[in-house]
Amino acid sequence: MALVSPSILSADFGHLHDEVRNVIDLGADWIHVDVMDGRFVPNITLGPGITAAVAKSTNGDALVDVHLMVVQPTNYVQAFRDAGADQITVHAEACTHLHRAIQQIKASGAKAGVSLNPHTPPEVLDYVLDELDLVLVMTVNPGFGGQSLIEGVLPKIERIRKTIDGRGLSTLIEVDGGVKVNNAHKFVNAGAHVLVSGSGVFKAEDRGAAIAALKRA
Ligand code: DX5
Ligand code: ZN
């Protein structure tokens, strides 16, 4: 069964607590928090304050999965950990010293993830993969919810999964962008363990059915 991490980017921010509780009650495993700074990506979303509110709402019932789409993410790792992030993912493209960034996340007590934009080859992970709890493969260009899957990125998931299995690692692969009930099998068949879905869950007519279908994909 795939794990499902609904992105609160597509939730109703006026009722964030109820939105978080609703998807957890319907079976969400993780809660995905998309942090954007208007520099790394052309959009601005939320910071540690909202993340703290989300962490309080999860109340330990779902992993708080923070995706930092910001420049110089190491400046903010501790703030998001203090806010209650269980896992912190930085972009390889945003880190001059990626290995150091990973060590900083782990030293904070959070699980460590690295995300790759659609154009970034998987080889950038060759010398850090053994340190990682998570690889987050972007299947859209980050910045906005509700975009369509870039199909050409799917083989990258397969390649990373082969390397993880070949090295005997327990690193999870999470996919993010354009994941919907009707295409989720493509990500899982390629080797993904965790499905982020924003609009695919929060805008679904039947959220419970959507989460259940994503898990079975
Ligand atoms: C995109 C974000 C995603 C986004 C996914 O930059 O990282 O997590 O919220 O939204 P959907 O599932 O609607 O493509
Ligand atoms: Zn995300």
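In the predicted model, the protein has 217 residues, for which a compact globule would have a radius of gyration near 17 Å; the value for the protein is 16 Å, which agrees with the rule. The C-alpha trace spans about 40 × 35 × 30 Å along its principal axes. Eight helices and eight strands make up the list of secondary structure elements in the protein.

Ligand 1 takes up the space of the largest cavity. Two or more residues of the shell around ligand 1 are given by each of β2 (30–36), β3 (63–69) and β8 (194–197). Of the elements, β2 provides the largest share of this shell, with three residues. The shell as a whole has 11 polar, seven nonpolar and two charged residues. Among the 20 residues around ligand 1, those that come nearest are Asp 34, Gly 143, Asp 176, Gly 198 and Ser 199.

Polar contacts to oxygen atoms of ligand 1 were found from both side chains and backbone. In the side chain of His 32, an N or O atom is 3.4 Å from an oxygen atom of ligand 1. For His 67, the distance from a polar side-chain atom to an oxygen atom of the ligand is 3.3 Å. Gly 178 contributes through its backbone, with an N or O atom 2.9 Å from an oxygen atom of ligand 1. Ligand 1 taken alone exposes 380 Å², and 100% of that area is buried by the protein.

Terms used
Residues are numbered from 1 along each chain as its sequence is written. Chains are lettered from A and ligands numbered from 1 in the order in which they are written. This is a predicted model: local features need pLDDT of at least 70, side-chain atom pairs count only at pLDDT 80 or more; totals for chains, interfaces and linings use all residues. Side-chain values use heavy atoms; hydrogens and water are left out. A residue is near a molecule or strand if one of its heavy atoms lies within 4 Å of it. A polar contact is a pair of N or O atoms within 3.5 Å; within protein, one must be able to donate a hydrogen and the other to accept it, and residues adjacent in sequence count only if both atoms are side-chain atoms. Accessible areas come from the Shrake-Rupley method with a 1.4 Å probe; for residues, only the protein chains shown count as cover. On a 1 Å grid over the protein atoms alone, a cavity is a set of points where a 1.4 Å probe fits but cannot get out, and a pocket is an open set with protein on both sides within 12 Å along at least five of seven lines; lining residues have an atom within 4 Å of a point. A molecule sits in a cavity or pocket if more than half of its atoms lie within 2 Å of its grid points. Helices (H or I, at least four residues) and strands (E, at least two) are DSSP runs, numbered from the N terminus. Ala, Val, Leu, Ile, Met, Phe, Trp, Tyr, Cys and Pro count as nonpolar, Asp, Glu, Lys and Arg as charged, and the others, Gly among them, as polar. The radius of gyration is taken over C-alpha atoms; the globule rule is 2.2 Å times the number of residues to the power 0.38.
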